[in-house]
Amino acid sequence: MSTAEAGSGTRTVSADGWVLTSTSGLTLPELYGILQLRSRVFIVEQECVYLDLDGVDLLPDTLHLFLPAEGPVLRPAEDSHGGDTGLSAEPQAYARILPDGYEDGPAARPGARSVGRVVTSPDARGRGLGRLLLQETVRLFGQQDLTLNAQSHLVGYYGGCGFSVSGPGFLEDGIPHVPMHRPGSPGA
């Protein structure tokens, strides 16, 4: 899978099923599912009121890396009380890869790609998909510097994929975060 191919609106799928595409390469159910998952976790579960639809998804070189849901794309959804809410199109795991040099908060570095919105669906947790998502991210983009703004309690988690703290902690939406950096390595 080539990262250059995905930037032009085409999509690539790895042997393990990971999809890499630009926003224009997403199907409507995929886009809806990604936004559904990000809202479910970052706004509802983490109780943070913020605008997830920040316009960055619309930048021409923003990429989306995700593992589609197992089974049908649209499937019954339940609310936190077990009641039916409609349909879900959430992927199992997801990350947004920002364009080279996009200044994404304290972790930003010239020439680096920022990794953000890293999330595993609550329905798919406990299966190691978050680690696989990070490994796939490093496999695809690790030849260049990568940055991310990590929730402080996840420093060790991201450290397992070569990221290290690169600056002082800060609050983002009331949650302690730290900037992290992973130097590029030609063999990644």
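Thr-137 is in contact (heavy atoms within 4.5 Å) with Leu-65, Ile-97, Val-115 and Gly-142, leaving aside its neighbours within four places in sequence. The residue is found in helix H3. Helices (H or I, at least four residues) and strands (E, at least two) are DSSP runs, numbered from the N terminus. Thr-137 counts as buried because its relative accessibility is 2%. Buried means under 20% relative accessible area, exposed over 50%, and partly exposed in between, with a 1.4 Å probe and protein chains only.

This is a predicted model, in which local features need pLDDT of at least 70 and side-chain atom pairs count only at pLDDT 80 or more, while totals for chains, interfaces and linings use all residues. Residues are numbered from 1 along each chain as its sequence is written, and side-chain values use heavy atoms, with hydrogens and water left out.

Stay with H3. The helix has 13 residues. From first C-alpha to last, H3 reaches 18 Å, close to the 18 Å expected at 1.5 Å a residue; the expected span is 1.5 Å times one less than the number of residues. Buried residues in H3 include Leu-129, Leu-133, Val-138 and Phe-141. Glu-136 also lies in H3. It counts as buried because its relative accessibility is 6%. Glu-136 and Trp-18 are 118 residues apart in sequence, yet their C-alpha atoms are 7.9 Å apart in space.

Now widen the view to the whole chain. Its secondary structure comes to four helices and 11 strands. Of the 188 residues, 44% count as buried. Among contacts with a separation of 6 or more, 61% join residues 24 or more positions apart. The accessible surface comes to about 9100 Å², and 56% of that belongs to carbon and sulfur atoms. These areas come from the Shrake-Rupley method with a 1.4 Å probe; for residues, only the protein chains shown count as cover.

Next, the largest pocket. About 820 Å³ of space lies in it. Of its 37 lining residues, the closest to the centre are Phe-42, Arg-117, Val-118, Gln-151 and Tyr-158. On a 1 Å grid over the protein atoms alone, a pocket is an open set of points where a 1.4 Å probe fits, with protein on both sides within 12 Å along at least five of seven lines; lining residues have an atom within 4 Å of a point. Grid points are joined across faces, edges and corners, and the volume is the space filled by probe spheres set on the points.

Helix H2 (28-45), H3 (129-141) and strand E11 (175-182) are among the elements that each supply at least two lining residues. Strand E7 gives the largest share, six residues. By class, the lining has 18 nonpolar, 10 polar and nine charged residues. Ala, Val, Leu, Ile, Met, Phe, Trp, Tyr, Cys and Pro count as nonpolar, Asp, Glu, Lys and Arg as charged, and the others, Gly among them, as polar.

Pro-179 lies in E11. It counts as buried because its relative accessibility is 1%. Beyond residues up to four places away in sequence, Pro-179 touches ones including Pro-106, Leu-148, Ser-164 and Phe-170.

Finally, the backbone. Most residues other than glycine have a negative phi. Arg-117, in strand E7, has a positive phi near 55 degrees. Glu-47, in the loop between H2 and strand E3 (63-67), has a positive phi of about 55 degrees. Arg-117 counts as buried at 17% relative accessibility, whereas Glu-47 counts as exposed at 71%.
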